[in-house]
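Dear colleague,

I am passing on the structure we discussed, and my notes on it follow below the display. Please read them with the model open beside you.

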Amino acid sequence: MLLRMIEENYPIDEILFCDTGMEFPELYAHLERIEKETGRTITRLKAPQSFEFYFSEYTPKRKNPRLAAYHGFSWPGPRARWCTGQLKTRIIDKYLKQYDGKYDVVQYIGIAADEPTRAKEHHYPLMDWGMTEADCLRYCYDRGYDWGGLYEIFDRVSCWCCPLQSLPELRKLREYFPALWKKLREMDDSTWRTFKEGYSVRRLEVRFDLENIFLSQGKSIRCREFYRTLHFLTDTKEAS
């Protein structure tokens, strides 16, 4: 297993998993299987408040006075990824403070060799070995680990509600996980910031339905007719 391969070169005292509470059910099942088959306990870290709390209730001091009346952070975005800070980075840093002055803490992060821009100040065994994402997936698949088929559906797997997902990934979320999509729509209806720039979840539904119609008729979804029809449908729906 990859874990044994890592431990031969990198001693691991503790395995940490930062749980945002918004992961796919298949990922939680994967973690349980890893624990059972390796005999290693995975320390699950979780913020004292949930994603939903920060999303809809927590109200920070606003730098922009026009946002003072709104509650919650609402959806994270490329320049305001509050979920990473509140639910991951701060939680890990706080947990590791217990080792200050007692141990030299070295963090090993599973960033692959073809993701160099994500590497910062920690240690990255997969990069040291030149293992790409494809290499890692193949290694795990060869040993029977498939994350419940998530990587056969998605190119990348993150929190299911992440607005930074591409349109093709969101289309798959709606198709394969209708219950999660329904929850996504309910969350979007309850908040003040648009899910994606130019797209509410309901507007995405209109787009995806229209794409299905055009494709079933052998038409391109990149043509002017498609976008004219999309604008008409969404403008009509929002006005009604």
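Please keep in mind that this is a predicted model. I begin with the cysteines: C161 counts as buried because its relative accessible area is 2%, and its sulfur lies 5.6 Å from the closest cysteine sulfur, that of C159, which is too far for a bond. C140 is likewise buried, with a relative accessible area of 16%, and the closest cysteine sulfur to its own, in C136, is 6.8 Å away, again too far for a bond. A disulfide would need the two sulfur atoms within 2.5 Å, and a search of the whole structure finds 0 disulfides.

F51 is, together with W160, L173 and L184, one of the residues with the most contacts inside the largest nonpolar core, which has 46 residues. The largest share of this core, 6 residues, is contributed by α10.

Helix α10 (residues 201-216) also packs against helix α8 (residues 167-176), their axes coming within 11 Å and crossing at roughly 90°, so α8 is roughly perpendicular to α10. On the α8 side the contact is made by L167, L170, R171 and R174, and on the α10 side by L204, E205, R207, F208, D209 and E211. Of the residues in this contact, 4 are nonpolar and 6 are charged, while none is polar.

With best wishes

How values were computed
Residues are numbered from 1 along each chain as its sequence is written. This is a predicted model: local features need pLDDT of at least 70, side-chain atom pairs count only at pLDDT 80 or more; totals for chains, interfaces and linings use all residues. Side-chain values use heavy atoms; hydrogens and water are left out. Axes are lines fitted to C-alpha atoms, for helices over the stretch in contact, and angles run from 0 to 180 degrees between N-to-C directions. Helices (H or I, at least four residues) and strands (E, at least two) are DSSP runs, numbered from the N terminus. Angles under 35 degrees count as roughly parallel, over 145 as roughly antiparallel, 65 to 115 as roughly perpendicular and the rest as oblique. Contact means heavy atoms within 4.5 Å. Ala, Val, Leu, Ile, Met, Phe, Trp, Tyr, Cys and Pro count as nonpolar, Asp, Glu, Lys and Arg as charged, and the others, Gly among them, as polar. A nonpolar core is a set of buried Ala, Val, Leu, Ile, Met, Phe, Trp, Tyr and Cys residues joined through side-chain atoms within 4.5 Å. Buried means under 20% relative accessible area, exposed over 50%, partly exposed in between (1.4 Å probe, protein chains only).
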